[in-house]
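Please look through the following structure with attention to its rings and its sheet. The explanation comes after it.

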Amino acid sequence: MTAHGVRRPGRAILGGSFNPPHVGHLRLAVEAREALGDLVRGVDMVPCAQPPHKKTGHLLPFELRAAMLEAALAPLPWLRCNRLEALRDGPSYTWDTLQAYRAAEPDTDFYFLLGSPDFALLPTWHQGLELPRLCHFVVVPRGDLTAEEFTDMTSALWPEAREHPPVLPGGRCMALPGGGLAHFLPLPWLAVSASRIRELWLAGRSVDYLVPRAALNLLQSHRQAIAAHWQEAK
């Protein structure tokens, strides 16, 4: 990744537990892809194998989560599920995932999508403040976070950060130590929660239009095992 460069063809990356995948995940990927335009060839959605910061008792098996995600993404060829985190033992650190991407595609720039709450928590991640050596950030605000507050947050995380000419429409941009950029992308955030979907589904209520139909079909076909798993973890 060239220092503070944004010209090479890139790939956006959206990680998550996808337990289950839902419309909030997909709309974020779709709208980020549209905003990034020709900066990226597509969006990879990366299911986490062993989340370092979350309790794993309620997580469905990786294979099922990945299969649901692949089914949901099938209609859009520029969206793909990457299963690489299942190839490693131990916690699924973003640092390791991005290093694997860089090794596989050394001439590609990577745009890591995350919400503003996770961006603020980067100091608690494994080598979180060193991630600009491997990627650019695309930060989508939750709540009422303004561009000015994003700038202040970024400067608090990296005192050496400096403002950079905006690249994305309606956004703000900061150049970070290590070569990456932090893009503020003010997209509307859909208030869809995987935990709420699990509660509805366990209660026998409809989750239509919250979970893509292809993924919902897999949930229904594994209903007994999934219900036992999610119910046990409550």
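**Rings, charges and the sheet**

The ring of tryptophan 201 has the charged end of arginine 223 sitting over it, 4.3 Å from the ring centre; this term requires NZ of Lys or CZ of Arg within 6 Å of the ring centre and within 35 degrees of the ring normal. Likewise, the charged end of arginine 33 sits over the ring of tryptophan 78, 5.8 Å from its centre. The model is predicted, with local features needing pLDDT of at least 70 and side-chain atom pairs counting only at pLDDT 80 or more, while totals for chains, interfaces and linings use all residues. Residues are numbered from 1 along each chain as its sequence is written, and side-chain values use heavy atoms, with hydrogens and water left out.

There are 8 aromatic pairs in the structure (rings of Phe, Tyr and Trp, the last by its six-membered ring, with centres within 6.5 Å; planes under 30 degrees apart are stacked, over 60 edge-to-face, the rest tilted). Phenylalanine 119 and tryptophan 158 form a tilted pair, 5.9 Å centre to centre with 45° between the planes. Phenylalanine 119 belongs to helix H4 and tryptophan 158 to the loop between helix H5 and strand E6, so the pair ties together parts 39 residues apart in sequence (helices, H or I of at least four residues, and strands, E of at least two, are DSSP runs numbered from the N terminus).

Strands E5 and E8 pair in the parallel sense over 3 bridges (pairing needs at least two DSSP bridges).
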